[in-house]
Amino acid sequence: MNTGGTEKLPVTLRGTPAFMQMKEERDLEECCRNCDDSTTDVSTIRIAAWRQLADKLEEIATGLQADLAKGGTEVQYQIVQLNTIEDLMNEVLLDTKLKTRLYDGFIVPATITGGLFEEEGLLNLTDLIDSGDDPLKKDDIFPFYQTLMRFGSEKYDTKYMVPIMGDLTMLIYNKDLFGDIQVPRTWGEYKAAINDLKKAHEGKDIIPSCTTLQYQPRCDYCSLTTNVHAVLSTMTQGAGSKSETGGGIFFVKEDEDQKSATLDPIFDSPFYKTIETLEDMNSGSVALQYDPAEIKSVALQYDPAEIKSQLFNGGKCGMMLASSEGIDFDNNPSFGVDHMPGSELIYNPVNKVVETCTVNTCMGDTVEINKQERLVNRVRFLGHQNFFGGVSRLVERSKQKPTFEFLARVSRVANFAPSNPIRRSQADFLSNADLKSVIENEEFQEVIPMRIPQATDLLEKLGSQTFEFLGTTEGSESGREELGYNLESVYEKQIEQHDGARAAVPLSIFQKKSQGTFQPNESPDNSIPDGLRYSGWALSGIAIICSLYFALWTFKNRNVRVVRASQPSFLIMVCVGVFIMSTSIIPMGFDDVIVSQEGNDIACAVQPWLYSVGFVIAFSALFSKTWRINKIFHNPDKFKRVKVTAKDVLMPFVCLMSANLVVLSMWTYFNPLQWTRKVKGEVDILGLSTPETYGLCTGEDYTLTILFSGLLAAVNITIVLFANVQAYQCRNISMEYSESQWIAIAMVSIIQVWFIGIPLMILVVEDPPAQFVVRTAIVFVTSMSTVLLMFLPKVKYLRDYKQKRAMEEAKRQERSRLAETMTDYSHYASNAASNISVNNSTAEEGDMPQDGAGRSGRQGPKRPSYGLEGIKILGHPGEEDAQVKIIKAQILAAEEEHKALRKRLEELRENIQGVPSNDSKLSGRNSDWAENKSNGNAGDDSNGMGQPSDVHVNDDSLMT
């Protein structure tokens, strides 16, 4: 893909990390020079691989690039070739250790899995593998390779590698050369077959066994090392790879603390037997015909592929232990295949000796040897040149999936080893029936190759010293013991150095992880404890019982005044809402400890429905009363009694319920809640502990989950705030039974619980027990505050009223009894009792059910079933008291009288001004009066109305 005017990069790059660094620097300079140009964003993904695999990888990369481009994804794959397997291993490990991110993915031998894992360089591919469009299906990949995809406990099935190429070790033999010779089933028969082949083809250019001829310089995974492991495993692994010894060349002593377990190499009796077996194999080869100086030069003439193509395919090899790849089965029907031979002996790690196999110590089959049935421990061993693909954990998130898709396609279509497939679908194309039978046979136990850190160094030492011993030393017990001692010293020293530098993660841990026997420390899954769960459900039960009890109490006392005043239908409505709200606590206590995934999904889906619907039903009744009462605050003269009808409740109920149902329906349809587990905090890359997880209800799109939950909360919080404002505005209205006060307290309680509880829910979202406590508290307090504040005052009032009536009745009866004993005053007593009966009755009309006849024997009026309903207004800040109205009327009358007197005074002044001026006396007095008035002393000489006291106004003066 041409980007920014630069030349198209080749899919395959032949170079080293240094070359790649220079390449990146050059690309960066080109990018800077052309940063103003319009370019296409192309992701470049670099895959490190062995050069012998490059041609087919390049072909696959080109095809995948084209397929992704059709879907709108621009990806550039570059296959970085490394000349040798050793170079490949070293550069990938170095890149991982230095975090240089030169490679996004790599195709490497599985043996370096431990080294990559130790440097935290492997990306967990579990989700990508399980959710891919073409997943690596378990029913297609052979179980052996599925095991090697994991690195850790088999229990958690965490996958890190993609199988690319198989290398199953098997016995390949020439049927024409064997004739009637027994195909070896044990190492003893292998030795006997060598001798029989020598005798049968004496004087011919035939090599009975080509096994130990395979040698590659600087190859830590040469066939000789594979053969050592293969033979040794038949004597050390008798109960599968999950056994105590773990198979291969190591075994782990089981201690109470896994981190204190020591890794002991097995270089004693089973190793001696292994070297003896290899000596027998070597006796049938040509390697020992050369002196030590010539061994390597002669062996270099034949790498494994050449041995197969030149010697075996040429009909010169009798048999060999190797992978079937490279053998021309199609053109040579005389080539036979069988399982690798097994051992009649098994290692006892307690006594450190080899013992005869028994059904309790070995897994294999029973064969007849020398007319005796013997149990043979047989294994399936995967050679060290099995390749797997991995994705660097440091790769950018956007490149993770394209890198994995490339490796998955390689695994599916490459089939680098057609005669040694990794999939059942690939095995269907095998033409050799024996080969297909061996490949598909899963009867024998599997041996996991060495995959611990530093495996490359350990294998190199094992291969080099063993090769030198076989080529230069005459076989002897002392020689084999010396070789075992030397190797044991080397291994122990290297193990000690590793564990000393990385004391937190010793090699024994990696060995267990490689075998799948490591049991990580169990981190908490943060499930809801049973005690807490049952406590929450008990609170739910209390709220449910309370709602049912008060509903029955309301129905029973529906004719009592205090219940009629609050209207039974709306009290029942509150109970129903509280009942539904309380049931939402039950599904909150579900998790994967007690309920299946499907059950948890249903529980998650119903929780918001139960709480929201229940809340709307209960709250509508409260809000309607508050809203109706508040209308009196603005116009008190029109209302003396508040009666909230069904119509009054219907409008807010429909509005609230509609808003909630719309949000809940959209939420359920577009992003339904599902129960899922998520990892809490940082993941332990080395897998020493299981990830700490927590369960929660969330949708597939977390953003939509937040959006819908926030929208639902906003709708309900808004209406509750509005209701609290309404309650505050009518706080001064005095109502019968103080119902407005209790409604206001309930509403304030709800909003307080929400304002405290919702932030707490957000803070403890990763702590399910705390989340359950907070959510339970919100529901319980909301429910109980509503039902208790609405009903307890009424219950108390009714109880007190009944007690008062009972006391009055007791007093009346006592007085009646005393009156009856007073015979001398019978008439007086009768009248007194009658007066007491009338005057001491404080019952309000309709408070209690009345008898058909009164106490005096008169027929009482028939009471209606409900009578007047609604709360009576006792006082209102907008309603004036009668005394105030009287005083105001008096003031208004006084003001009218004052106005009349003022008018009369003005008329008098006009009349006075009309008196003749020669009346000096009157004029003087008027002058004195005027002066006194101006000085504020007119009252001292007045008649109480501001006029001079001696001025007499009569009809004549008025006439004037």
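Reader: Why is Arg799 called partly exposed?
Author: The relative accessible area of Arg799 is 47%. Partly exposed covers values between the 20% limit for buried and the 50% limit for exposed, so Arg799 is partly exposed. The value was computed on a predicted model.

Reader: What makes the contact of Arg799 with Asp800 a salt bridge?
Author: The closest N and O atoms of Arg799 and Asp800 are 3.4 Å apart. The cut-off is 4 Å between a side-chain nitrogen of Lys or Arg and a carboxyl oxygen of Asp or Glu, so this pair counts as a salt bridge.

Reader: Why is Asp800 called partly exposed?
Author: Asp800 has a relative accessibility of 30%, and because this value lies between 20% and 50%, the term is partly exposed.

Reader: How many salt bridges does this rule give?
Author: The count comes to 20.

Reader: Are Arg480 and Glu279 buried or exposed?
Author: Both are buried, which means that each has under 20% relative accessible area. Salt bridges that share partners also join Glu279, Glu477 and Arg480 into one network.

Reader: Why does the salt bridge of Arg393 and Glu120 tie together separate parts?
Author: The side chains of Arg393 and Glu120 meet at 3.5 Å, N to O. Arg393 lies in the loop between strand E17 and helix H13, and Glu120 in the loop between helix H4 and helix H5, so the parts they tie together are 273 residues apart in sequence. Arg393 has 28% relative accessibility and is partly exposed; Glu120, with a relative accessible area of 30%, is partly exposed too.

Reader: What makes E7 and E11 edge strands?
Author: The open sheet of four strands has the order E7-E10-E6-E11, with mixed pairing. E7 (207-209) and E11 (335-338) each have a single partner strand, so one side of each lacks a neighbour in the sheet.

Reader: How do you know that strand E6 and strand E10 pair?
Author: Two strands pair if there are at least two bridges between them. E6 (residues 170-174) and E10 (residues 317-322) have four bridges, in the antiparallel sense, so they pair.

Methods:
Residues numbered from 1 in each chain as written. Predicted model: local features only at pLDDT ≥ 70, side-chain atom pairs only at ≥ 80, totals over all residues. Heavy atoms only, no water. Helix = DSSP H or I, 4+ residues; strand = E, 2+ residues; numbered from the N terminus. Buried < 20%, exposed > 50% of the residue type's maximum accessible area, 1.4 Å probe, protein only.
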